[in-house]
Amino acid sequence: MKRMLLIFLASLLLFACNSKAEKAASEQNIETGLKGRSYVLASVDAKTFANDFKVPKLVFGGDGAIGGNVCNQFSGKGVFVGNVFKVPQVAATMMLCPDEQLNKLEQIFFNMLRKGISVTLEEGKLTLSGDGQIWNLSK
């Protein structure tokens, strides 16, 4: 009986260690999978994004660098903690956007970045979740 218990505990320990290793590898894959890629906004909260003025774009560089545009050009340097990406300071041009929808989206997006966004990357589709918003982006 003691032998069975010992085998069970050893198996449980191996499973727990393997799960942590798989999680760390998955998190690393998200960051690596985003590096050098650009995405455009496809939908916000399951509503297709359509705008004649400008389509928001997001570009991931190396070492947490991020840039792109919503209405204004922006850039920043963030960090991944697990699958959450956080950019404490976002620098942006300060042009007045003639499109009110983009103005609102831009402020929401910058707040999402500052607070931290959950990032999911599946089959080339990027999902950003945070601050009550779900943004879907595509290549």
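What you see is a predicted model. Across the protein chain, pLDDT averages 83, and 80% of the residues reach at least 70.

Take care with residues 16-27, where pLDDT stays under 50. The model gives that stretch two contacts beyond four places in sequence. Where pLDDT is low, the predicted coordinates should not be read in detail.

Strand 3 runs antiparallel to strand 1, joined by three bridges. Here Leu 58 sits opposite Tyr 39. Strand 3 is also antiparallel to strand 4 (residues 65-69), this time with four bridges, and Lys 57 has Asn 69 as its bridge partner there.

## Aspartates with a positive phi

Most residues other than glycine have a negative phi. So which aspartate goes positive in the hairpin of strand 3 and strand 4? That's Asp 63, with a phi near 55°, and the hairpin has four residues between its strands.

Asp 45 has a positive phi too, near 50°. You'll find Asp 45 in the loop between strand 1 (38-44) and strand 2 (47-48), partly exposed at a relative accessible area of 33%. Asp 131 has a phi of about 55° and lies in the loop between strand 10 (125-130) and strand 11 (133-138). Asp 131 is partly exposed as well, at 44%.

Methods: Residues are numbered from 1 along each chain as its sequence is written. This is a predicted model: local features need pLDDT of at least 70, side-chain atom pairs count only at pLDDT 80 or more; totals for chains, interfaces and linings use all residues. Side-chain values use heavy atoms; hydrogens and water are left out. Helices (H or I, at least four residues) and strands (E, at least two) are DSSP runs, numbered from the N terminus. Buried means under 20% relative accessible area, exposed over 50%, partly exposed in between (1.4 Å probe, protein chains only). pLDDT is the predictor's confidence in each residue, from 0 to 100. Contact means heavy atoms within 4.5 Å. Two strands pair if DSSP finds at least two bridges between them.
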